[in-house]
Amino acid sequence: MPALDKVLNDIADTMAKETRRGKVADYIPQLAKVDPARFGIAVVTNDGETFTAGDADEPFSIQSISKVFTLTMALGLVGDSLWKRVGREPSGNPFNSIVQLEREQGVPRNPFINAGALVVTDVVLSQHQPREALGQILHFLRFLAGDESIVVDRAVARSETETGFRNIALANYMKAFGNLEHDPDKTLGVYFHQCAVAMSCRQLAMAGRFLAADGRNPETGGRVVSSQRARRINALMLTCGHYDGSGDFAFHVGIPGKSGVGGGILAVVPGKASIAVWSPGLNQVGNSQLGAIALERLARTMGWSVF
Ligand code: DON
């Protein structure tokens, strides 16, 4: 097998020279300030080794990648009854689209589009106050990553709170269909803050380990979720994790992945490794442009496609 440190350094060198880097998200004004030249990648293997290249220790806004972790928490709270409130099919529409919600009675297609993630956050909110729910999300991320330093970027949270009119519309629309339990403002408050969590590639790859290791922390053997649940979360990441770009990501990369508009992607090689990559420029459908290209190279070189 090729040496991972060399593979990652080669990828980071190639990406540094790339001029077509996509476009940094600007609908959340604070994200528009991020330097598009940044690139980081981290791989944590199931046998406990970590390999990094580029800006792998630079925290970035995880945005929609947070949806993987809130989904895991919501399934822990309500189990399969979650699927009465959110579907498991790719939407074929942009991540922030509202069009299907009217036809489908306020039940979002999957837990990764914004509407579905808002339902998931509504479940995580449960009987808590928003501050407590956010505390639980942070606690879970710190536990998974084995790193207490993970925090919310308050400026990003404020920026999205001030401009998140689409999400405000989605939450209120689902409330009208009876698919949101809480006051939409409370659910939105938690959602905007979970999206604004800042993590580095190294921290994110560590947090994703349980998905690569059949639901266990590969270091301690401690169970995070059942192996069936880990498989199912991976299946949803593969089919829905890149929204209307999911087919293309599966075609080119061939492993489960979840993107965020901060330019991060968490990718899972079941049985082998957890990967995080970050390049802030996005493609047409809002996924990291160089992130996907880097993962395609990595998966090809290592023979990591699941197909
Ligand atoms: O709700 C939003 O629009 C953002 N907080 C998250 C969207 C996102 O990351 C989509 N991913 N590519």
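The C-alpha centres of domain 1 and domain 2 lie 22 Å apart. Domain 1 covers residues 4-59 + 201-221 + 236-302 and domain 2 covers 64-195, with bounds that come from an automatic or database domain assignment. Before going on, please keep in mind that this is a predicted model: local features need pLDDT of at least 70, side-chain atom pairs count only at pLDDT 80 or more, and totals for chains, interfaces and linings use all residues. Residues are numbered from 1 along each chain as its sequence is written.

Let us look at where the two domains meet. Here, 26 residues of domain 1 are in contact with 26 residues of domain 2, contact meaning that the C-beta atoms, placed from the backbone, lie within 7 Å. On the domain 1 side, the elements that give two or more residues are α9 (201-207), α11 (227-240), β7 (257-259) and β8 (264-269). Helices (H or I, at least four residues) and strands (E, at least two) are DSSP runs, numbered from the N terminus. By class, that side of domain 1 divides into 15 nonpolar, nine polar and two charged residues. In this scheme Ala, Val, Leu, Ile, Met, Phe, Trp, Tyr, Cys and Pro count as nonpolar, Asp, Glu, Lys and Arg as charged, and the others, Gly among them, as polar.

In total 13 residues surround the ligand, and the closest are Gln63, Ser64, Cys195, Gly260 and Val261; a residue is near when its C-beta atom, placed from the backbone, lies within 6 Å. The shell is made of three nonpolar, nine polar and one charged residues.

Now step back to the whole protein, which has 13 helices and ten strands. Its radius of gyration, taken over C-alpha atoms, is 18 Å, close to the 19 Å that the globule rule gives for 307 residues, so the protein is as compact as a globular protein of that length. The rule itself is 2.2 Å times the number of residues to the power 0.38. Of the 307 residues, 53% count as buried. A residue is buried if 20 or more other C-beta atoms, placed from the backbone, lie within 10 Å of its own, exposed if 12 or fewer, and partly exposed in between.

Five of its six residues are buried, so β2 is largely enclosed by the rest of the structure. It pairs with β3 (residues 50-54) in the antiparallel sense over five bridges, where two strands pair if DSSP finds at least two bridges between them. Isoleucine 41 has alanine 53 of β3 as its bridge partner. In the hairpin of β2 and β3, with four residues between the strands, glycine 48 takes a positive phi near 95°. Strand β2 is also joined to β9 (residues 273-278) by six bridges, again antiparallel, and threonine 45 has alanine 273 as its bridge partner there.

A second sheet is open and antiparallel, with three strands in the order β4-β6-β5. β4 (60-61) and β5 (151-152) stand at the edges with a single partner strand each, so one side of each is left without a neighbour in the sheet. Two bridges join β4 to β6 (residues 197-199), with serine 61 opposite alanine 198.
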